2 protein chains.
Amino acid sequence: MNDTRPKAVCLLSGGMDSTVSAAWASQQYDVYALHVGYGQKAAARERRCAEDVARLLKAREFRVTEVPFLQELGGSALTDARLAIPTGAVSSGEIPITQVPFRNGILLSLAVAWAEAIDAHAVVIGAVEEDSSGYPDCREQFLVALERAVEMGTKPDRDIRIVAPLVHKTKGEIVRLGVELRAPFAASWSCYDEGPLPCNECESCLLRAKGFREAGVQDPLLK
Amino acid sequence: MNDTRPKAVCLLSGGMDSTVSAAWASQQYDVYALHVGYGQKAAARERRCAEDVARLLKAREFRVTEVPFLQELGGSALTDARLAIPTGAVSSGEIPITQVPFRNGILLSLAVAWAEAIDAHAVVIGAVEEDSSGYPDCREQFLVALERAVEMGTKPDRDIRIVAPLVHKTKGEIVRLGVELRAPFAASWSCYDEGPLPCNECESCLLRAKGFREAGVQDPLLK
């Protein structure tokens, strides 16, 4: 590794998008990978996948931490055992019940704290705006506004950018970029559930399948 | 309680400033009090005090949650056992070693998640800008920028303000406001340490003492 490269804290959920955005980041930054557990149903699987992806991308460091508050809040099908994860269609317009309130605000704040501590120049997130579930905290205007808050709320000698390399890409473009960057798709996990194989019915599986279909590439996870 | 009052999530550290800001909030909002532990040295004491303050202010709900990541990061005298808490003078200009990176960014994000879940209209924080330790995430310009990010990053039907009623007050003005509002000062705890009595030497004790001195009021904690 080159010691003169700037540092970036990369949020790594273990999913397809954060795998590609971390692969993108590793081209130009020393990667400090952060995985956050928040009581999501596929937590153990996502954590293992995030760790594998970080290792394969030669991250300088991989950290895992927990935010139990998001599960304690309840109300999301991702974290609440009483709510089933919807299957069969990608939502259009409506914010789906899988939304976890202000999740990216919390995840990014944790990543910014680490970035401030190690003087990293970027926090990288795999947020996708259009071709996604429509969560408000995945939109570029949120990320731009948060970057401004980070500038105001960290030490004056810090310069931390919020970088979302995929925010305006379609799922097909994300897969193509990942193939180009040799992103370790086989180590990633997108399914909201924790079966031995992806369910292929939840919104996250459907969005992933759309990406590989549009890119004309076989998903190595399904081989 | 009046069911038509709007809700506010109030961050309650157990200290003097958040006690006064929550007392202020309870005049106009139904208070949902949130205390966040992050491995600070006085954690157990602060938690008990926050709970007492919430009860005395008749908060609708009191929640405690943990963000272990801030302790895991280290580097702050508030959370790192190897670093001593400085004593004897209020810092001027320099950001002191008690700074915890982006702490208010993280605490506010958690509060916003709760506010989004229960449709609260405000997140109230006892941040103080000038008459304080100079932490960048206590400045009004940070809070204003974050409010904009919150507007962008939460559901479109939500309207969550970040309210910092003390941000431009001196410590003396804060104590006077607290007296006016009958804020439960006797239940609060400002000391960075966890002795049976406040140490009266750390920056937080000195700022509290300055407030009571300027207001010409006896601190009930020292009676």
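This is a predicted model: local features need pLDDT of at least 70, side-chain atom pairs count only at pLDDT 80 or more; totals for chains, interfaces and linings use all residues.
User: What makes the contact between α6(B) and α7(B), residue by residue?

Analyst: From α6(B) come Lys171(B), Gly172(B), Ile174(B), Val175(B), Arg176(B) and Val179(B). Facing them, α7(B) brings Leu207(B), Lys210(B), Gly211(B), Phe212(B), Glu214(B) and Ala215(B). By class, that contact has six nonpolar, two polar and four charged residues. Gly counts as polar here, which covers Gly172(B) and Gly211(B).

User: Let's turn to chain A. How do you know that helix α1 of chain A is largely enclosed by the rest of the structure?

Analyst: The test is a count of neighbours: a residue is buried if 20 or more other C-beta atoms lie within 10 Å of its own. In α1 (residues 16-26) of chain A, 11 of the 11 residues are buried, so the helix is largely enclosed. Among them are Met16(A), Asp17(A), Val20(A) and Trp24(A).

User: Which helices and strands build chain A, and why is the chain called as compact as a globular protein of its length?

Analyst: Chain A has seven helices and five strands, arranged along the sequence as β-α-β-α-β-α-α-β-α-β-α-α. Its radius of gyration is 16 Å, close to the 17 Å that the globule rule gives for 223 residues, so chain A is as compact as a globular protein of that length. The C-alpha atoms fill a box of roughly 50 × 40 × 30 Å along the principal axes.

User: And which element of chain B gives the most to the side that touches chain A?

Analyst: In total, 35 residues of chain B are in contact with 35 residues of chain A. On the chain B side, β3 (61-66), α3 (69-73), α4 (103-118) and α5 (140-153) each supply at least two residues. Helix α4(B) gives the most, with 10 residues. That side of chain B divides into 20 nonpolar, eight polar and seven charged residues.

Methods: Residues are numbered from 1 along each chain as its sequence is written. Chains are lettered from A and ligands numbered from 1 in the order in which they are written. Helices (H or I, at least four residues) and strands (E, at least two) are DSSP runs, numbered from the N terminus. The radius of gyration is taken over C-alpha atoms; the globule rule is 2.2 Å times the number of residues to the power 0.38. Two residues are in contact if their C-beta atoms, placed from the backbone, lie within 7 Å. A residue is buried if 20 or more other C-beta atoms lie within 10 Å of its own, exposed if 12 or fewer, and partly exposed in between; C-beta atoms are placed from the backbone.
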